[in-house]
Amino acid sequence: MDCLFCRIVRGELPASIVFEDEEIVAFEDINPQAPVHLLVIPRKHVPTLNDLTPEEDALVGRLHRVAAELARARGVEETGYRVVLNCNAGAGQTVFHIHLHLLGGRDLQWPPG
Ligand code: AMP
Ligand code: ZN
């Protein structure tokens with residue numbers, strides 16, 4: 001699959017990987033928007049949130065639990081953090097392989113822009 005994040009999953013592109021298991025990989029965002037900015041992605045290529053099927057239900061749950069574990073590991077569990085999944089271009093999605101953004105370590109405004 002000619003997809004940026006599939007290439008990271010396969011080890012063909014370098015990334016600062018902070019977590020990986022048989023289903024999930026997490027790494028530092030290359031253009032961080034907060035002191036903590038990690039991306040948590042499934043190894044499986046799913047282009048957008050719209051493309052999920054019931055087959056991925058457990059996987060999507062695990063993506064969130066990994067994000068929470070990483071938030072704890074980065075010390076933002078109590079101060080607060082945000083998990084964002086942009087769906088399609090109008091929402092800012094630029095890489096069409098679903099990923100959770102984990103943002104923390106600074107005050108985050110609401111609503112997002
Ligand atoms: P989105 O705009 O929601 O699709 O998020 C894509 C994110 O991937 C952006 O925050 C980018 O900074 C990040 N990104 C793009 N290329 C890389 C890369 N090679 N390694 C790490 N993060 C990347
Ligand atoms: Zn992919």
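Reader: What makes you say where ligand 1 sits?

Author: Ligand 1 sits in the largest pocket. A molecule counts as sitting in a cavity or pocket if more than half of its atoms lie within 2 Å of its grid points. On a 1 Å grid over the protein atoms alone, a pocket is an open set of points with protein on both sides within 12 Å along at least five of seven lines, whereas a cavity is a set where a 1.4 Å probe fits but cannot get out; lining residues have an atom within 4 Å of a point. This is a predicted model, where local features need pLDDT of at least 70 and side-chain atom pairs count only at pLDDT 80 or more, while totals for chains, interfaces and linings use all residues. As for bookkeeping, residues are numbered from 1 along each chain as its sequence is written, chains are lettered from A and ligands numbered from 1 in the order in which they are written, and side-chain values use heavy atoms, with hydrogens and water left out.

Reader: Which residues come nearest to ligand 1?

Author: Out of 16 around it, D29, N86, G92, T94 and H101 come nearest. "Near" here asks for a heavy atom within 4 Å. By class, the shell has seven nonpolar, seven polar and two charged residues. Nonpolar covers Ala, Val, Leu, Ile, Met, Phe, Trp, Tyr, Cys and Pro, charged covers Asp, Glu, Lys and Arg, and the others, Gly among them, are polar.

Reader: What makes the D29 approach to ligand 1 a polar contact?

Author: A polar contact is a pair of N or O atoms within 3.5 Å; within protein, one must be able to donate a hydrogen and the other to accept it, and residues adjacent in sequence count only if both atoms are side-chain atoms. A polar side-chain atom of D29 is 2.5 Å from a ligand 1 oxygen, so the pair falls within 3.5 Å and qualifies. The side chain of H101 has an N or O atom 2.8 Å from an oxygen of the ligand, and a polar backbone atom of I30 is 3.2 Å from a ligand nitrogen. Protein covers 84% of the 500 Å² of accessible area that ligand 1 has on its own, by the Shrake-Rupley method with a 1.4 Å probe; for residues, only the protein chains shown count as cover.

Reader: Which element gives the most to the ligand 1 shell?

Author: That's α1, with three residues. Helices (H or I, at least four residues) and strands (E, at least two) are DSSP runs, numbered from the N terminus.

Reader: Why is D21 called buried?

Author: Buried means under 20% relative accessible area, exposed over 50%, and partly exposed in between (1.4 Å probe, protein chains only). D21 has 16%, so buried it is. It is in the loop between β1 (17-20) and β2, and its side chain reaches the backbone nitrogen of E23 at 2.9 Å and the side chain of R62 at 2.7 Å.

Reader: And how do you know whether T48 is buried or exposed?

Author: At 6%, T48 is buried. The T48 side chain reaches the backbone nitrogen of N50 at 2.9 Å.

Reader: What makes N88 partly exposed, and why does G90 count as exposed?

Author: N88 comes out at 32%, hence partly exposed; G90 has 84%, hence exposed. N88 also has a positive phi, near 75°.

Reader: How do you know the form of the W110 to P111 peptide bond?

Author: Omega is near 0°, and the bond is cis. Most peptide bonds are trans, and most residues other than glycine have a negative phi.
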